[in-house]
Amino acid sequence: GVDCQRAHRKQHKKTCKQRAAELQDEQVYSQGHKRPEGEFCPLCTLPIPLPVNENSLFEVCCMKRICLGCDLAAQKRGMFDCAFCRTPLAGNDADRLAMIQ
């Protein structure tokens, strides 16, 4: 109990301080507003920067919103289809509408 804590304080001091900082961070970060699920990229799972509409693409084939970073990474790998479901992208509005229906 207490005697052990006193005897080994130097060994555990750094770990205890680190854990106290983690607990404080958890408390601070849990106080903020939660973002809707649709504001997280399904590929990298990071929150899409605000404003979401300017920093992401909405893919009608799979109805997913993908961040521009993941889209760029897919294009750099030579993948020009949907980065999430790999469906070929629609060439015109009629094809996009058909995908939605």
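View 1. R96 is partly exposed, at a relative accessible area of 32% (buried means under 20%, exposed over 50%, partly exposed in between, with a 1.4 Å probe and protein chains only). This is a predicted model, so local features need pLDDT of at least 70 and side-chain atom pairs count only at pLDDT 80 or more, while totals for chains, interfaces and linings use all residues. Residues are numbered from 1 along each chain as its sequence is written, and side-chain values use heavy atoms, with hydrogens and water left out. R96 forms a salt bridge with D93, with the closest N and O atoms 2.7 Å apart (the rule asks for a side-chain nitrogen of Lys or Arg within 4 Å of a carboxyl oxygen of Asp or Glu). The count by this rule comes to one salt bridge. Both residues sit in helix 4, three residues apart, or about one turn of the helix. D93 is exposed, at 59% relative accessibility.

**View 2. The whole fold, for orientation.** Four helices and two strands make up the secondary structure (DSSP runs numbered from the N terminus: H or I of at least four residues for helices, E of at least two for strands). Along the sequence the pattern reads α-α-β-β-α-α. Of the 101 residues, 16% count as buried. The protein exposes about 8300 Å², and carbon and sulfur atoms supply 54% of that (Shrake-Rupley areas with a 1.4 Å probe; for residues, only the protein chains shown count as cover).

View 3. L57 stands opposite I66 in strand 2. Four residues lie between the strands, and here M63 takes a positive phi near 60 degrees. M63 is partly exposed, with a relative accessible area of 45%.

**View 4. I66 and the largest nonpolar core.** Eleven residues make up this core: C41, I48, V52, C62, I66, C67, C70, A74, M79, C82 and A83 (a core is a set of buried Ala, Val, Leu, Ile, Met, Phe, Trp, Tyr and Cys residues joined through side-chain atoms within 4.5 Å). Strand 2 (64–67) and helix 3 (68–76) are the elements that give two or more residues to it. Leaving aside neighbours within four places in sequence, I66 has contacts that include C41, L57, D71, C82 and F84 (heavy atoms within 4.5 Å).

**View 5. A nonpolar patch on the surface.** F58, M63, L97 and I100 form this patch, with about 390 Å² of accessible area together (patch residues have over 30% relative accessible area and no salt bridge; like charges are joined within 9 Å, and nonpolar side chains, meaning Val, Leu, Ile, Met, Phe, Trp and Tyr, within 5 Å). M63 is found in the loop between strand 1 (56–59) and strand 2.

View 6. Most residues other than glycine have a negative phi, and most peptide bonds are trans. L50 and P51 are joined by a cis peptide bond, with omega about -10 degrees. P51 belongs to the loop between helix 2 (9–29) and strand 1, and T45 is placed in the loop between helix 2 and strand 1 too. T45 is not a glycine, yet has a positive phi of about 65 degrees; its relative accessibility of 56% makes T45 exposed. R86, not a glycine either, has a positive phi of about 65 degrees. R86 lies in the loop between helix 3 and helix 4 (93–100) and is exposed, with a relative accessible area of 58%.

Definitions and conventions: Two strands pair if DSSP finds at least two bridges between them.
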